[in-house]
Amino acid sequence: MATAKSSEPKKTPAAPSDALLRQFVGYNMKRAYMQVQDDLAETLAPLGLRIGTYSALAVVVSSPGISQTQLALVLDIKRSGVVVVVDELEGAGVLERAPVPGDRRAYSLRVTPAGKQLWQKAEAAVRAHEAALFADLAPGDLRQLHDLLARAARSAARHRREETT
């Protein structure tokens with residue numbers, strides 16, 4: 001049995017699009033963060049750091065003597081994750097653990113002289129990374145973005161806490 005050929009031209013499917021997702025702030029934040037994260041990982045790799053180790057190093061530099069539990073809270077990661085990060089930094093000779101007097105299970109964290117040098121290099125590299133990535137934003141726009149992201153993070157955290165109580 002013969003089939004009739006249609007005289008209508010075949011429709012080409014539309015190009016895949018995430019247009020429906022781009023209406024959401026969270027999706028746009030994720031897309032931007034993915035770009036920043038990928039570039040940051042490339043920036044830190046030559047220094048022997050990952051985003052997690054860089055973040056931990058930054059917190060310990062600014063909070064000498066912080067405990068691993070406090071570090072986990074500041075970074076909002078599980079304590080077991082902090083142990084892995086601290087082990088890595090300690091193995092690299094940039095961080096040291098010291099027992100906390102009166103608590104046999106707790107350790108305070110301090111940056112070694114090598115860690116201070118690494119931090120200075122990493123901080124300069126990350127500053128350059130951000131300057132390059134956000135070069136198209138005026139200084140006022142960049143301050144506003146920073147402020148809006150901080151407010152958004154506080155708002156989301158407050159909302160999540162309210163949901164769990």
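Which residues in the largest nonpolar core touch the most other members? In this predicted model, the core holds 23 residues, and the ones with the most contacts to other members are Leu49, Tyr54, Val60, Leu71, Leu89, Leu95 and Leu109. Several elements build this core together: H1, H2, H3, H4, S3 and H5 each contribute at least two residues. The biggest contribution comes from H2, which gives five residues. As background, nonpolar side chains in soluble globular proteins tend to be buried together.

| Element | Residues |
|---|---|
| Helix H1 | 25-44 |
| Helix H2 | 51-62 |
| Helix H3 | 68-75 |
| Helix H4 | 79-91 |
| Strand S3 | 103-111 |
| Helix H5 | 113-133 |

Let's zoom in on Val60. Beyond its neighbours within four places in sequence, Val60 is in contact with Ile66, Leu71, Leu95, Leu109, Arg110 and Val111.

Next, have a look at how H2 packs against H4. Their axes come within 10 Å and cross at roughly 80°, so the two helices are roughly perpendicular to each other. On the H2 side, the contact involves Gly52, Thr53, Ala56 and Leu57, which meet Val85, Glu88 and Leu89 of H4. By class, four of the residues in this contact are nonpolar, two are polar and one is charged.

Finally, a stop at Arg105, which lies in strand S3. Arg105 has a relative accessibility of 70%, so it counts as exposed.

Terms used
Residues numbered from 1 in each chain as written. Heavy atoms only, no water. Axes fitted to C-alpha atoms, helices over the stretch in contact; angles between N-to-C directions. Helix = DSSP H or I, 4+ residues; strand = E, 2+ residues; numbered from the N terminus. Parallel < 35°, antiparallel > 145°, perpendicular 65-115°, else oblique. Contact = heavy atoms within 4.5 Å. Nonpolar A, V, L, I, M, F, W, Y, C, P; charged D, E, K, R; others polar. Core = buried A, V, L, I, M, F, W, Y, C linked by side-chain atoms within 4.5 Å. Buried < 20%, exposed > 50% of the residue type's maximum accessible area, 1.4 Å probe, protein only.
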